[in-house]
Amino acid sequence: MGKSDYNKDRKSSGKDNGGTRKRNFTGSGKPKSTQKPSDPNSIRLNKYVANSGVCSRREADVFIAAGSVTVNGKVVSEMGYKVKLDDVVKFDGRHLNPEKREYVLLNKPKDFSTTVRNEHGKRNVAGLISSASKATLLPVDKMTKASTGLLLFTNDKELTRRLVSPKNGLRKIYHVELSRPLSAADLKKIQDGIAIDEKVVNVHDISYVDNAPKNQVGIELFSSRSNIVTKIFEHLDYEVVKLDRVVYGGLTKKDLPRGHWRYLTKQEVVNLGMVN
């Protein structure tokens, strides 16, 4: 038998490539898929609950099976159940938001506004983190345009509420540069507590910066009052030339250059979540 006859014989028997005939189901050489395309407007119920920040997805399955979750007023205990993004989902009566919680830490540069409203032609911190998320992330607190340092962004409204609460005890440390040296007497006044707007500000610690002029100090406090550090020094007739937030809660500027941002680690989110 010649070579051409051999090839014809193998093709006619369908035994090529190891003797297995390839079957064409669609005419294109690819098996026909029976999987339906996913609906971008729907999401599995356990993922919806987990994204809301209530618990993990595995824990959500347990709560769903126990009847703790309702969809549009009806208890749903079916595993794999899908809901639409505009459905009303509640966990133990509490309305849930399915948007995934995200947390971004920015080392804010000078001359950037932290206001939410759109200021035409002015630089806003939102532009610095625009590539971090498709969600709308808002700064937890406000900083003046002249201030620099750590600024936290999130869409977690519950965490934001706790962090800005006067009772939260969130630790903040600032590096302050003044227009003139801070006297030892005024430093002592700040240590003892100064009344601003008829309310005493308790400073945890204040000291001169090592190996720097006496117009540079570090101040640590737990107050959530707006612009409180500047107000403390202005009360004593000092002008704040530079104000840099170097610690926020347990977060620091380590490996985070000015104008750059990073995502919080899971442990950092957990630590912040422990704030009452």
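Predicted model: local features only at pLDDT ≥ 70, side-chain atom pairs only at ≥ 80, totals over all residues.

**Entry 1: around Ser-52**

I began at Ser-52 and listed its contacts (heavy atoms within 4.5 Å): leaving out residues up to four places away in sequence, Ser-52 touches Leu-96, Asn-97 and Arg-101. Residues are numbered from 1 along each chain as its sequence is written, and side-chain values use heavy atoms, with hydrogens and water left out.

I placed Ser-52 in the loop between helix H2 (45–51) and helix H3 (57–65). Helices (H or I, at least four residues) and strands (E, at least two) are DSSP runs, numbered from the N terminus.

Is Ser-52 buried or exposed? I found it buried, at 7% relative accessibility. The scale I used calls a residue buried under 20% relative accessible area, exposed over 50% and partly exposed in between, with a 1.4 Å probe and protein chains only.

I also looked at what the Ser-52 side chain has beside it: one of its polar atoms lies 2.4 Å from the backbone oxygen of Val-49.

**Entry 2: Arg-101 and its partner**

Arg-101 turned up among the contacts of Ser-52, and I followed it onward. Its side chain meets that of Asp-156 in a salt bridge, 3.9 Å from N to O. The term stands for a side-chain nitrogen of Lys or Arg within 4 Å of a carboxyl oxygen of Asp or Glu.

What does this pair tie together? Arg-101 sits in the loop between strand S6 (94–95) and strand S7 (103–108), and Asp-156 in the loop between strand S9 (148–154) and helix H5 (157–163), so the bridge links parts that are 55 residues apart in sequence. Asp-156 is buried, with a relative accessible area of 12%.

**Entry 3: the Asp-244 group**

I counted 10 salt bridges in the structure.

Which residues does Asp-244 bridge to? One is Lys-253, at 2.5 Å from N to O; another is Arg-258, with the closest N and O atoms 3.1 Å apart. Asp-244 belongs to strand S15 (residues 240–248) and Arg-258 to the loop between strand S16 (251–252) and strand S17 (261–263), so their bridge ties parts that are 14 residues apart in sequence.

I then checked the exposure of this trio. Asp-244 counts as buried at 10% relative accessibility, whereas Lys-253 is partly exposed at 22% and Arg-258 is partly exposed at 40%. Elsewhere, salt bridges that share partners join Glu-158, Arg-161 and Arg-162 into one network.

**Entry 4: a sheet**

I traced an open sheet of 4 strands, in the order S3-S2-S5-S6, with antiparallel pairing. Two strands pair if DSSP finds at least two bridges between them. The edges are strand S3 (74–75) and S6, since each pairs on one side only. Strand S5 (residues 89–91) and S6 pair over 2 bridges, and I noted that Lys-90 has His-95 in S6 as its bridge partner.

**Entry 5: Ile-43**

Ile-43 is found in strand S1 (residues 42–44) and is buried, with a relative accessible area of 12%. Its C-alpha atom is 5.5 Å from that of Val-83, 40 residues away along the chain. Beyond four places in sequence, the contacts of Ile-43 include Tyr-48, Asn-51, Tyr-81 and Leu-85.

**Entry 6: helix H6**

In helix H6 (residues 184–192), I marked Asp-186, Leu-187 and Ile-190 as buried. They cover an arc of only 105° around the axis (taken from the directions from the helix axis to the C-beta atoms), which puts them on the same side of H6. The face turned away from that buried side carries the exposed residues Ala-184 and Asp-192.

What do the buried residues of H6 pack against? I listed strand S11 (194–196), strand S13 (203–208), strand S14 (216–221) and helix H7 (228–235). Just after H6, Gly-193 takes a positive phi of about 105°.

**Entry 7: the whole chain**

My last look was at the totals. I logged 8 helices and 17 strands, and buried residues make up 38% of the 276 residues in the chain.

Definitions and conventions. Polar contact = N/O pair within 3.5 Å; in protein donor to acceptor, adjacent residues only side chain to side chain.
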